[in-house]
Amino acid sequence: MDKKSIWKSYQFPIILVIGIVVGALLGVTLGEKATVLKPLGDIFLNLMFTIVVPMVFVSITTAVGNMVNMKRLGKILGNLVLTFIVTGLFAAALVLTVVNIWPPAANTSIQFANAEMAEAASVGDMIVNSLTVNDFSGLMSRSNMLPIIVFAIISGICVSACGGEESPVGKLLNNLNDIIFKIVGLIMKLAPIGLGAYFANLVGEFGPELIGDYGRSMLVYYPMCLVYVAVAFPAYAYFAGGTVGVKRMLKNIFSPAITAFATQSSVATIPVNMEACKKMGVPEDISNIVLPMGATMHMDGSVLSSIVKIAFLFGVFGQPFTGVGTYAMAIVVAILSAFVLSGAPGGGLVGEMLIVSLFGFPAEAFPLIATLGFLFDPAATCLNASGDAIASMMIARMVEGKEWLTKRIASGEVEA
């Protein structure tokens, strides 16, 4: 590739990286004074979060409503669940192995060995509340992403049953979908400035706290994330589309990864992921369903971070992190807490409170795990969101067949 083609292929992620690096340098240089840049980052994030609810609802409703064959929808959703579970279990197997070899709380100076742990709480009510809301107005908030997705799927099925994309509502939805993505394109032009300003504020405000007793946990977590990315992501992409799939993944994964790392929000990364999936060759009816659902359900990075946090608390409170029951509970709690924290930047506080309450840790555990959450969130969200795009490729392969990508390239549906 010559310089022009490299610049054309990687222009946006390069500019994003430059924006974030400049922001980080400003944060280091200005320290707490970097908070003066925070409004620029907040404006960008607010714009992204404003568009994300209508985008998720309209894109899913349109994708499902345009399907004449409901068997295809069932195949997409079935393979989606299978993919999310399998990749989550791979992540869980990796982290459980790592924390048993290198316990994250080993030699920590923080000890509450005499504190009593309460009985673990039931999670039934939380599962119900994560899937539904008790008022229509609740569907207008990004804090209720799973209920929005459920309602959008139901709406799309009904649109399909009443004429699909040729019906008046179907035509309106398709036009709205096009308009929303035009809006997203305009917002994304602000990304380098917005993300740079946001990152400058984070580094300026919290940078010094990256040192201390949490260092070992970070030395366990971040290399593990790199291993997962280096091994699992190419393997998933190879399963999805062979060597061509790996090349397309490597070429297009950086924009969503960088956006997710900087914003710490899978939801805010959905628009960037949509564009990446289009360039990877994923059919739109698949990516329009998988990406919004992945932003709240496909949480490999959060599974990795949550189990490290749980193992850390077990060590701090003098409890053995061993046994099949403990591991199974850790995986379940990690997934549930990931569902809770997926919507907001740095929004792990609620998920971390869930970990503390479900395992019965005392109140002293919350500030400990909240600090870890801040340190882990950028990498966790980066894995979550970039993994959504790769999951879309895998689901496309399972729905359309082994040669789906080469056929789409040969037919001209996707740029070579």
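**Fold composition and aromatic contacts**

Of the 416 residues of the chain, 52% count as buried, a term that denotes under 20% relative accessible area with a 1.4 Å probe and protein chains only, exposed being over 50% and partly exposed in between. The model is predicted, so that local features need pLDDT of at least 70 and side-chain atom pairs count only at pLDDT 80 or more, whereas totals for chains, interfaces and linings use all residues. Residues are numbered from 1 along each chain as its sequence is written, and side-chain values use heavy atoms, with hydrogens and water left out.

The secondary structure of the chain comprises 16 helices and zero strands, taken as DSSP runs (helices, H or I, at least four residues; strands, E, at least two) and numbered from the N terminus. Among contacts (heavy atoms within 4.5 Å) between residues at least 6 apart in sequence, 83% join residues at least 24 apart.

Eight aromatic pairs are present in the structure, a pair being rings of Phe, Tyr and Trp (its six-membered ring) with centres within 6.5 Å, classed as stacked for planes under 30 degrees apart, edge-to-face for over 60 and tilted for the rest. The pair of Y228 and Y236 is edge-to-face because the ring centres lie 6.4 Å apart and the planes stand at 70°, and both residues are buried. F314 and F321 also form an edge-to-face pair, at 5.2 Å centre to centre and 65° between the planes, and both of these residues are buried. One aromatic cluster is formed by F57, F136 and F151.
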